[in-house]
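Here is a short tour of one protein model, written to be read with the structure open beside you. Let's start with a pocket and then turn to a pair of helices.

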Amino acid sequence: MDRWINKVAVVTGASSGIGAAIVVELAKAGMVVIGLARRVDRVEELKKRLSEKDAARLYAMKCDVSKEDSITNAFEEIIRQFSGIDVIVNNAGIVKHSLLLGDDDFQQLRDVIDTNVMGLALCSRKAFRSMKERDVAGHIIHINSIAGHKVPNFPHMNMYAASKHAVTAITETMRNELIMLGSKTKVTSISPGVVRTDIVEGLHSSDEFPMLEGEDIAKAILYVLGTPPHVQVHELTIKPVGEAF
């Protein structure tokens, strides 16, 4: 991780769960970290988990990744304050608990796609533009899911698996484009199994099946970032021992 010390990392969905664990670990590793979230106060609270030195490297910025204007404004401010972006971690994601064929508000389906797919694509574009303009070998990381590779039989997940399958395809598309552009920027998809987050704990008890912790995914990001410049971890699947999905 030495080559990333004082480099700038942007993490979406940084207010809780996996995103919160990621911003903490990246700041501890010496990166300047901008945590994007709708609830910026919760990102500010994360500084209490860090030493004074590490806390000074963590910045909170308001952003709703389902809104194009919000993304544009946030990234313009990041460039203005920090001059560039070296790593983008697209962690923000939502699940709307309704049936795909149900009678719920159709906007729920759009919200999942806007956040999990369109937000991820636009944040990646904004970050890569900064990497390209400064001719740096950056890293684009997508927090995907095992649901991006098969469709688990979980009722009421409507568009979630479809959105994560899109992330799998987007990762491969980006890899092809980076090769075409002659870029040294890497792209990685990290696909966890069930992770203990507010969303999951609201649906299942912790003894129903084994779960990963947010810190497990954060440590995986440190691993993929720490690979030598010629090594790209393209897809990393992480499951808790005993997971049956």
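## The second largest pocket

Three helices each supply at least two residues of the lining of the second largest pocket: α4 (68–82), α5 (107–133) and α6 (160–180). Keep in mind as you look around that this is a predicted model. Of these helices, α5 gives the most to the lining, with 8 residues.

In total, 20 residues line the second largest pocket. The pocket has a volume of about 440 Å³. Sorted by class, its lining holds 11 nonpolar, 4 polar and 5 charged residues.

## Where α1 meets α8

Now for the helix pair. Helix α1 covers residues 17–28 and helix α8 covers residues 214–225; the two pack at an angle of about 45°, and their axes are 8 Å apart. Because of that angle, α1 is oblique to α8. The crossing of the two helices is right-handed.

Which residues in α1 meet α8? On the α1 side they are I18, A21, I22, E25 and L26. Their partners in α8 are G214, E215, I217, A218, K219, I221, L222 and L225. Taken together, the residues of this contact between α1 and α8 divide into 9 nonpolar, 1 polar and 3 charged.

Terms used. Residues numbered from 1 in each chain as written. Predicted model: local features only at pLDDT ≥ 70, side-chain atom pairs only at ≥ 80, totals over all residues. Heavy atoms only, no water. Axes fitted to C-alpha atoms, helices over the stretch in contact; angles between N-to-C directions. Helix = DSSP H or I, 4+ residues; strand = E, 2+ residues; numbered from the N terminus. Parallel < 35°, antiparallel > 145°, perpendicular 65-115°, else oblique. Left-handed = near helix turned anticlockwise from the far one by under 90°. Contact = heavy atoms within 4.5 Å. Nonpolar A, V, L, I, M, F, W, Y, C, P; charged D, E, K, R; others polar. 1 Å grid on protein atoms, 1.4 Å probe; cavity = no way out; pocket = protein on both sides within 12 Å on 5 of 7 lines; lining within 4 Å. Points joined across faces, edges and corners; volume = space filled by probe spheres on them.
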